[in-house]
Amino acid sequence: MRQVSLGIMLFAFWLALSGHYTPFLIIIGAACSVLCVVVAARLGIIDSEGHPIHLLGRALTYFPWLIWEIVKSAWAVTKIILHPRLPISPTMTVVDASQRTTVGIVTFGNSITLTPGTITTDIKGNRLTVHALVREGALDLEAGGMDARVKQFEGGA
């Protein structure tokens, strides 16, 4: 199932990037997708970490939430940048991730980095070092709202 899903996704990606839909090019694209899946299967890299299709259903609620968080943070950072006194208070903090898998911890770190005003600078085990543009951003992360949302996305409670 995971191999079929990967093949379909690779072919759809190829079609989207190609922009050419002649029969010859569609056949070549399908053949390349199949070849990539065969090579990936031989290398043993088609697993739940490399192709996490089991998260697809939960992504339908997680990604809209993440986009909204990005928009809110972008607005807050814009207000800070346009303020005449530039009221920043750069802060480094360490946040513990409650995720159980590598995919979950990486998703948490990437979600932090995608949110304007914060960036994950280091991950060791389940401890993430984060730089925040303002202290409130660090306190918000320490409160654990994003961690809980990523844990829910990963499949935890």
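Biologist: How much space lies in the largest pocket?

Modeller: About 390 Å³ of space lies in the largest pocket. This is a predicted model, in which local features need pLDDT of at least 70 and side-chain atom pairs count only at pLDDT 80 or more, whereas totals for chains, interfaces and linings use all residues. Residues are numbered from 1 along each chain as its sequence is written, and side-chain values use heavy atoms, with hydrogens and water left out.

Biologist: What makes a space a pocket, and what is its volume?

Modeller: On a 1 Å grid over the protein atoms alone, a pocket is an open set of points with protein on both sides within 12 Å along at least five of seven lines, and lining residues have an atom within 4 Å of a point. The volume is the space filled by probe spheres set on the points, which are joined across faces, edges and corners.

Biologist: Which residues that line the largest pocket are the closest to its centre?

Modeller: Of the 20 lining residues, S73, T115, T118, G137 and D140 are the closest to the centre. The largest share of this lining, seven residues, comes from α3, one of the helices (DSSP runs of H or I, at least four residues, numbered from the N terminus).

Biologist: Why is the pair of Y62 and W65 called tilted?

Modeller: Rings of Phe, Tyr and Trp (its six-membered ring) pair if their centres lie within 6.5 Å, and planes under 30 degrees apart count as stacked, over 60 as edge-to-face and the rest as tilted. By this rule the count comes to five aromatic pairs. For Y62 and W65 the centres are 5.6 Å apart and the planes make 40°, so the two rings form a pair and the pair is tilted. Because they are three residues apart in helix α3, Y62 and W65 are separated by about one helical turn.

Biologist: How do you know that D96 forms a salt bridge with R127?

Modeller: A salt bridge is a side-chain nitrogen of Lys or Arg within 4 Å of a carboxyl oxygen of Asp or Glu. The closest N and O atoms of D96 and R127 are 2.8 Å apart, therefore the pair meets the rule. The structure holds four salt bridges.

Notes. 1 Å grid on protein atoms, 1.4 Å probe; cavity = no way out; pocket = protein on both sides within 12 Å on 5 of 7 lines; lining within 4 Å. Helix = DSSP H or I, 4+ residues; strand = E, 2+ residues; numbered from the N terminus.
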